[in-house]
Amino acid sequence: MTRYIIRRLLQAIPLLFVISVLVFALIQIMPNNPLAAMQNNPNISPEDLLRLEQEYGLRDPLPVKYWKWLSHTIRGDWGESMITHRPVLTEIADRLPNTLLLSGIAFILALLISIPIGMISAVRQYSLFDHIATTIAFMGQSIPIFWFGLILIIVFSVNLQNPWAGSAWFPHPPPLPLFPGGGMVTLGEYAPPPLVDRIWHLVLPVTMLAVFQLAQHVRYMRAGMLDVLRQDYIRTARAKGLKERAVILRHAFKNAAIPVVTIIALEMPGLFNGALFTETIFSWPGMGRLFFLHAERGDYPVLMGILMFSAMLIIFFNLVADVAYAFLDPRIRFD
Amino acid sequence: MAAHPVAARSLLNGAESRPPETLLSLAWRHFRRHRLALLGSVVLSLLILGAIFVPMATRYDPGKTSILDQYLPPSLQHPMGTDGLGRDMFVRAMAGGRVSLAIGLLAMLLAITIGTVIGSVAGYYGGVLDNVLMRLADIMLTMPTLFIAILLTQLLRAGVVPGLKAGIAPIILVVAATSWMGVARLVRASFLSLRKRDFVTAAQMVGAANLRIMLRHILPNAMSPIIVAATLRVGAAIITESGLSYLGFGVQPPTPTWGNMLQHAQSELDYAPWTAIFPGLFIFLTVISVNYIGDGLRDALDPHHVE
């Protein structure tokens, strides 16, 4: 297993290399000159501008530019933002924990809720529960995630009031929304206790982010379970007199979970897309919002950094999923 | 096993037997049984008819602003209220539906075409070509597509490709460029399993050209999953378009789409929630209808599929 993991990590290097070449080329075709603002400055002569351009390497051919970027990046210098003039790595390090907190909670919650629902749905196929669960899952897959976020704000932030406003947990006097429509913490004297405040701010964005995954997982868990329940070894398990509980939990569940693991791995990029909307709508200072804000202004070093970082994260989680796969299905051997 | 009563009777009566069922009528019989898919077809047809005829039939101009009618709540006159510039939301949503539905359809067609070409070439020829094309698909699947779509939009907007700077063309291109991978994998898998079959070998023996074998012999047999994927892609394309437009990277106002109508809705939630509710509702209705139709088609076209 260790050898397999090492091999996969080594394989990730050429993959990341190709991704970086493609993304770098994409960004470099942009007719965007970071020194554009100086072109109209009467205090900077055309000669100075040319000298600056040469100093920054703006006139280098593409392969030379790429090589410079690569050699700097490998040494940990990811360049600096053209807007904030802070190092790209600092910008990312500031935001990444917030994104991981939000997506991590949404991810785990979606898994914990969807697996039992999918299983019950399959075991009681065509029951009322199954019909309701599959319909809601279908709706969850068809809803535009950003619109769902707006609806959550209308219902829980604009219309519903917090009944505990003015108490020790929510010192703010009424009217106070049931859940905040944005931000990560409350500022000022009326802030609730830190942990309460954290959770209070997480509820709506986590719900928004979890709903799509939840819908996906329910459908796959149900399909996987239905598939497994038709197998002969399940009939054998029942025939030898095992309790239904043991048949479902011990025999069927593990095999039914395998396709779900694959889907989770494939969904990782989708999680980033979701985070982009969630963070933008709920002013959550994470990677998605960082990308959105800097994409609007064409700040390419930051965009490049975020894309490379997400690619690395996605490759890493794919590897984790494959290892989990091997754990669930001993028939899969990695050597 | 007992014979089907109809079949048995037709065997007995001989001459009176039903004409053999065509694939199309068989599929329709299965599709009809999927009630939600039927409902989806009705809803989608209504939406399309509304998008075509409502902007023609109304006395409200979807683009005309009227500052006195700003933020009117839904009423008989304005069934979905008015927006911040006093424009009727219902008429505007129907006009926006034209654009959104057209983008969804065209982006789907382009994505399916790209995916089918790449998938069939990779599956038919195999070898290095297959390897390169599928690694390309893997790479695209490893990237957060929305991020790439935003970058591509900016690239096109900066005028890198002349003629694709504004209007609905750049967004169609961007949506297709970031969504062909699934179809390509699907088509490749079908081609891989079909290319070694006897009827393909026979066609090769009589000297048919590769292109002809791919188009006339293999592709028709691989059509069912493509049709299902194509249907589902319409919904996905509309979601992507509306998302990009919502973020400001899609079709630019004043041309309405369901996505860019929502662009400023968040700042208006406190006093005019209807500006957020209705355009999104249309997206939701369209996508869920399309997805149910896709589900019904899967049942109808795939004889092995058991639900």
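In which loop of chain B does Pro254(B) lie?

Modeller: Pro254(B) is found in the loop that runs between helix 11 and helix 12 (274-301) of chain B. The model is a predicted one, and in it the peptide bond from Pro253(B) to Pro254(B) is cis, with omega near 10 degrees. Most peptide bonds are trans, and most residues other than glycine have a negative phi.

Helix 11 of chain B, on one side of this loop, covers residues 223-247 and packs with helix 4 of chain B at an angle of about 130 degrees, the two axes being 8 Å apart. The crossing of helix 4 of chain B past helix 11 of chain B is right-handed. On the side of helix 4 of chain B, the contact is made by Ser100(B), Ile103(B), Gly104(B), Leu105(B), Ala107(B), Met108(B), Ala111(B), Ile112(B) and Thr116(B). Helix 11 of chain B contributes Ile226(B), Ala230(B), Arg233(B), Val234(B), Ala237(B), Ile238(B), Glu241(B) and Ser242(B). By class, this contact comprises eleven nonpolar, four polar and two charged residues.

As to confidence, chain B has a mean pLDDT of 85, and 92% of its residues reach 70 or more. Helix 4 of chain B (residues 89-125) has the highest confidence in the chain, at a mean of 93, whereas helix 1 of chain B (residues 5-13) has the lowest, at 49. Over residues 6-10 of chain B, pLDDT stays under 50, and the model has four contacts beyond four places in sequence for them. Where pLDDT is low, the predicted coordinates should not be read in detail. The model scores ipTM 0.86 and pTM 0.87.

His85(A), although not a glycine, has a positive phi of about 60 degrees. His85(A) belongs to the loop between helix 4 (62-74) and helix 5 (88-123) of chain A, and it counts as exposed because it has 7 C-beta neighbours inside 10 Å. Ser283(A) is likewise not a glycine and has a positive phi, of about 40 degrees. The loop that holds Ser283(A) lies between helix 10 (244-281) and helix 11 (287-296) of chain A. With 13 C-beta neighbours inside 10 Å, Ser283(A) counts as partly exposed.

Note on methods: Residues numbered from 1 in each chain as written. Chains lettered and ligands numbered in written order. Predicted model: local features only at pLDDT ≥ 70, side-chain atom pairs only at ≥ 80, totals over all residues. pLDDT = per-residue confidence, 0-100. Helix = DSSP H or I, 4+ residues; strand = E, 2+ residues; numbered from the N terminus. Contact = placed C-beta atoms within 7 Å. Axes fitted to C-alpha atoms, helices over the stretch in contact; angles between N-to-C directions. Left-handed = near helix turned anticlockwise from the far one by under 90°. Nonpolar A, V, L, I, M, F, W, Y, C, P; charged D, E, K, R; others polar. Buried ≥ 20, exposed ≤ 12 C-beta atoms within 10 Å, placed from the backbone.
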